[in-house]
Amino acid sequence: MGIFKKFGFGLKKTREGMTQRIEDVLGAYEEITDDFYDDLEEALIMGDVGMQTAGDIVAELKKRVAKNEVRNPKHAKMIISDIIADMIDGGEDMGLITIPSIILVIGVNGVGKTTTIGKLAAMYKKQGKKVILGAADTFRAAAIEQLEVWADRAGVELVKHKEGSDPAAVVYDTISAGISRDCDIIICDTAGRLHNKKYLMDELKKIYKVVEKQLPYADREILLVLDATTGQNAVSQAKEFMNVAEVTGIALTKLDGTARGGVVLTIKNELKLPVKFIGVGEQIDDLQPFKPKLFAKALFEDTGVTFADEED
């Protein structure tokens, strides 16, 4: 399945929810008026875009409509798509060039953190990279075993200690193994006990020190995994994590199971965090690198159409 179709199928529920509301507004007016803008903003808010971001989209639409002298609301559809693409564009590339590079993955229980790590490992291995995983979420029941299952599925090595071990020690051993085995990518699962912020902060500081000491010049990503089905609650969760961790990007899971895909816009526009990956299914290859233009396009176009150009 092509990249566009993956995005399209993954956004089906969002398209039926948020986008349909927008379509309804576009079809309800014969000309663009203040009421049209008010209804459009409400439709965006109802689509889990968030009040601030909805207002920003409408404000930008007004500018572009005036500049291009657009009068027919139906002609505003493509402008809205362009605004969304521009809003969420930038920073989505992982930019992992050094060998090795390291990815620290954080996120609370239930968001799909372990699954995301397994899919990341499979994706990088498919690209010809040598990957090693570290099971540094040592306090969550069965976390180590779950990551071991995904490591086997992806066909990559795993470094683990027994449950309750020091997470920083696991990261240390994983990096050491990654260096000695000439790995390209080191991915470490780290804890996400957000209810105990001080403990999480202290734990992450220890891990950061280990990384700084062992890989001082390596490219590094701190990837926060969020569950798209929680909508604006995911945004609140991201804000909490940003208070205790140096988050560099988002992996948004379960996008195929929710009509709340509009949360992508809020994450980028309000939190200034780039979305790096989106989960659009349960298969091992269903974690997709985020493509802003394809995302905006898939919001407004059905997957039944064949597109010759499936890349940005």
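**Helix packing and sheet order in the predicted model**

Helix H6 (residues 113-126) lies across strands E1 (101-106), E2, E4, E5 (220-227), E6 (249-253), E7 (275-279) and E8, and runs at about 175 degrees to E4. Helices (H or I, at least four residues) and strands (E, at least two) are DSSP runs numbered from the N terminus; contact denotes heavy atoms within 4.5 Å. Axes are lines fitted to C-alpha atoms, for helices over the stretch in contact, with angles from 0 to 180 degrees between N-to-C directions. The model is predicted, with local features requiring pLDDT of at least 70 and side-chain atom pairs pLDDT 80 or more, whereas totals for chains, interfaces and linings use all residues. Residues are numbered from 1 along each chain as its sequence is written, and side-chain values use heavy atoms, without hydrogens and water.

The open sheet comprises eight strands in the order E3-E2-E4-E1-E5-E6-E7-E8, with mixed pairing; strands pair if DSSP finds at least two bridges between them. E2 (residues 131-135) and E4 (residues 185-189) run parallel and are joined by five bridges, and Gly134 has Cys188 of E4 as its bridge partner.

Helix H4 (residues 51-68) packs against helix H5 (residues 76-88) at an angle of about 125 degrees, with the axes 10 Å apart. H4 is therefore oblique to H5, as angles under 35 degrees count as roughly parallel, over 145 as roughly antiparallel, 65 to 115 as roughly perpendicular and the rest as oblique. The H4 contact residues include Ile57, Leu61 and Val65, and those of H5 include Ile79, Ile80 and Ile83.
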